[in-house]
Each structure stands twice: as structure tokens, then as C-alpha cells.
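Let's walk through this fold together, one piece at a time. Keep the model open beside you and follow along.

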Amino acid sequence: MMTSHLVYSTEVGRIKSEKPQEQVPQGDGIVRIQLQKSGRKGNGVSIITGLGLAETELKLLAAELKKRCGCGGAVKNHTIEIQGEKRDLLKQLLEQKGYKVKLAGG
């Protein structure tokens, strides 16, 4: 007995399964910026958490922050990582955008 799966239909075209909705972690309304050096060969990285934005919005914000700071960075697990010890500048930039910001950790 052969089972068949609908792959294409002339009525609706190609059948695609829907992607699950992205789960955005909601914080407490406070954006935290921490400096992390451990596991990075002594180079500091500023990590921004608690933004509560979708992945595409995070990438746009990260691109703008990297440009304003003049350094590299990445978006990982709903956090933004900016290379270097730039917490004060990042705090100033995020407060200009209307976020409530706290410096966390060392």
C-alpha cells in the first residue's frame, strides 16, 4: 500500500507548511547592558538584553548601534552583542530611543 502526500495542486499552487510564530521573550521593561569578558580571550563584549523585539527589529537596531559605535557585533538568542567596552555610549544611544536602561554586572 502506497501513501501519498499532496505536494502540488492546480487550485492553490504549491503547498507549504506554515512556519511557527517566533517567540519573543518579554522582559520587565528595563534594558540591561552588561560587560562580558570570560571566555572571550580577554576582549570585552557589551551584551544588551531585555529589548523585547522581534529578530528582524533586533538586527536593524544592532546594525544602527554598530554603526554609531564604530565596531562589530551580532544578534544571538534575542540579545545584541557589541564588541568592545562601550556600555556608556550604548546606554546613551538607547536612552535617546526611549528605552529605560540599566548597567548590569561588572
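β3 (30-36) pairs with strand β7 (residues 100-104) in the parallel sense, over five bridges. Helices (H or I, at least four residues) and strands (E, at least two) are DSSP runs, numbered from the N terminus, and two strands pair if DSSP finds at least two bridges between them. Within this pairing, Arg-32 has Lys-102 in β7 as its bridge partner. β3 also pairs with strand β4 (residues 45-49), this time in the antiparallel sense and again over five bridges. There, Ile-33 stands opposite Ile-48 in β4.

A word on what you are looking at: this is a predicted model, in which local features need pLDDT of at least 70, side-chain atom pairs count only at pLDDT 80 or more, and totals for chains, interfaces and linings use all residues. Residues are numbered from 1 along each chain as its sequence is written, and side-chain values use heavy atoms, with hydrogens and water left out.

Ile-48 leads us to the largest nonpolar core. Such a core is a set of buried Ala, Val, Leu, Ile, Met, Phe, Trp, Tyr and Cys residues joined through side-chain atoms within 4.5 Å. Here it has 17 residues, and those touching the most other members are Ile-48, Leu-51, Leu-65, Ile-80 and Leu-94. Two or more residues each come from β3, α1 (55-69), β6 and α2, with α1 giving the largest share, five residues. Which residues does Ile-80 contact, leaving aside neighbours within four places in sequence? They are Ser-46, Ile-47, Ile-48, Leu-51, Leu-58, Leu-61, Ala-62, Leu-65, Ala-74 and Val-75, where contact means heavy atoms within 4.5 Å.

Now turn to strand β6, where you will find Glu-81. Is this residue, Glu-81, buried or exposed? Glu-81 counts as buried because its relative accessibility is 12%; buried means under 20% relative accessible area, exposed over 50%, and partly exposed in between (1.4 Å probe, protein chains only). Not counting residues up to four places away in sequence, Glu-81 touches several residues, among them Arg-40, Val-45, Gly-72 and Lys-76.

β6 runs antiparallel to β5, and four bridges join them. Lys-76 has Thr-79 in β6 as its bridge partner. Together β5 and β6 form a hairpin with two residues between them. Asn-77 lies in the loop between β5 (73-76) and β6 (79-83), and its phi is near 50°, a positive value in a residue other than glycine. His-78 is found in that loop between β5 and β6 too, and has a positive phi of about 60° although it is not a glycine. Asn-77 counts as exposed because its relative accessibility is 74%, while His-78, with a relative accessible area of 21%, is partly exposed.

Arg-87 is buried yet has no salt bridge, and the nearest side chain of opposite charge, Asp-88, is 5.9 Å away. A salt bridge is a side-chain nitrogen of Lys or Arg within 4 Å of a carboxyl oxygen of Asp or Glu; for charge, Lys and Arg count as positive and Asp and Glu as negative, while His and the chain ends are not counted. What the side chain of Arg-87 does reach is the backbone oxygen of Ala-104, at 3.0 Å. Glu-95 is also found in helix α2, and its C-alpha atom is separated by 9.6 Å from that of Val-31, 64 residues apart along the chain.

How values were computed:
A polar contact is a pair of N or O atoms within 3.5 Å; within protein, one must be able to donate a hydrogen and the other to accept it, and residues adjacent in sequence count only if both atoms are side-chain atoms.
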